[in-house]
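Me: I've got a structure open and would like to learn how to read it feature by feature. Can you walk me through it?

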Amino acid sequence: MKRKYPKRHKVVALFCAVLVFFAGMHTTAYAETAEERYQRLKEELAGITEEIASYQDQKTQAQRRRAALLEQQALLEEMIELNREQIDQKQKELDAKADEVAEKRAELYENEELFHKRLIAIYKQNDAGMLSVILNVDSVTEFLTVLDSLQRISQNDTELIQHLEEQRLALEAEQAEIDAMLTDLNAQHEELAANAEELAANISAQNSRISAADAQIKAQQEAYDDTYAELVAAQKETASIGGGLGGSNSGAGSQYVGGTFTWPV
């Protein structure tokens, strides 16, 4: 006579059977053998090696860029130094020219003052002075000579003042030319300084890339060492399992002595 189980007991038994089935499937599906672990670690090592090579290449490229930038920086510093020397030289020339202009202006002012004083003196003498000079001459020739001398005095003063004015204008033109050159040199200096700042920023960026690559290489090297240690352990485990199988296989050629075969657990 068959025993009857309560319906609730059947459900519990079925649920336990399903759990055991899926637990067995999970173990079978995700269990990793020593050989599989060894192969996986080999692939991981290969990937890490590629990563290290990639970061090393990035570092090399950054070092080359930095070297090129450092050469440009050295050349730019020479240009800046030459520019500073030119600015100093032009500034000295400008200062000297300013002194010449000031001196020429003073000379011109002094001669103009003397000329004005003579004109005022002649104006105050008026016709009486001129008449006195004319009455004291003995001949027409002497009269003409005196008159010509008076005219020459006025003309010489005028020519001297004009000459001094021309010199002053020429000096001021030279001063303006030097000042324009100095302005251009200062503009060049600002441009060179801006280029120097840009180069310094680029060099700093390459240094950061090199440092970042070094950090990545170090991290990947540590990962490589850890993975390699696991690989060696997996290799030893694989060899140990292979050796054990080999030992049991070595007796496969011995003579069968009897008994019955059963399914392995």
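Reply: Start with confidence: pLDDT is the predictor's confidence in each residue, from 0 to 100. Here the chain averages a pLDDT of 76, and 66% of the residues score at least 70. This is a predicted model, where local features need pLDDT of at least 70, side-chain atom pairs count only at pLDDT 80 or more, and totals for chains, interfaces and linings use all residues. Residues are numbered from 1 along each chain as its sequence is written, and side-chain values use heavy atoms, with hydrogens and water left out.

Me: Where in the chain is confidence lowest, and where is it highest?

Reply: First, the naming: helices (H or I, at least four residues) and strands (E, at least two) are DSSP runs, numbered from the N terminus. Helix 1 (residues 7–30) has the lowest confidence, with a mean of 50, while helix 2 has the highest, at 85. Over residues 24–28 the pLDDT stays under 50, and the model gives that stretch one contact (heavy atoms within 4.5 Å) beyond four places in sequence.

Me: Which residues make up the largest nonpolar core?

Reply: The general idea is that in soluble globular proteins, nonpolar side chains tend to be buried together. A nonpolar core is a set of buried Ala, Val, Leu, Ile, Met, Phe, Trp, Tyr and Cys residues joined through side-chain atoms within 4.5 Å. Buried means under 20% relative accessible area, exposed over 50%, and partly exposed in between (1.4 Å probe, protein chains only). In this model the largest core has six residues: L69, L76, I80, L192, L199 and I203. Helix 2 and helix 3 (140–250) are the elements that give two or more residues to this core. Take L199: leaving aside neighbours within four places in sequence, L199 is in contact with L69, Q72, Q73 and L76.

Me: How many salt bridges does the structure hold?

Reply: In general, side chains of opposite charge can pair when their charged atoms come close. The cut-off for a salt bridge is a side-chain nitrogen of Lys or Arg within 4 Å of a carboxyl oxygen of Asp or Glu. The structure holds eleven of them. Some join up: R105, E165, R168 and E172 are linked in a network of salt bridges.

Me: What does K97 pair with?

Reply: K97 forms a salt bridge with E100, the closest N and O atoms being 3.6 Å apart. Both sit in helix 2, three residues apart, about one turn of the helix. K97 counts as buried because its relative accessibility is 14%, whereas E100, at 36%, counts as partly exposed. K97 also meets E174 in a salt bridge (2.5 Å, N to O). E174 is partly exposed, at 34% relative accessibility.

Me: Why does K90 count as buried?

Reply: Its relative accessibility is 17%, so K90 counts as buried. K90 lies in helix 2 (residues 34–135) and, apart from neighbours within four places in sequence, is in contact with I178, M181, L182 and L185. K90 also has a salt bridge with E93 (3.3 Å, N to O), and E93 is partly exposed at 27%.

Me: What separates the C-alpha atoms of A96 and Q175?

Reply: They are 9.1 Å apart, with the two residues 79 apart along the chain. A96 is in helix 2 and is partly exposed, with a relative accessible area of 37%.
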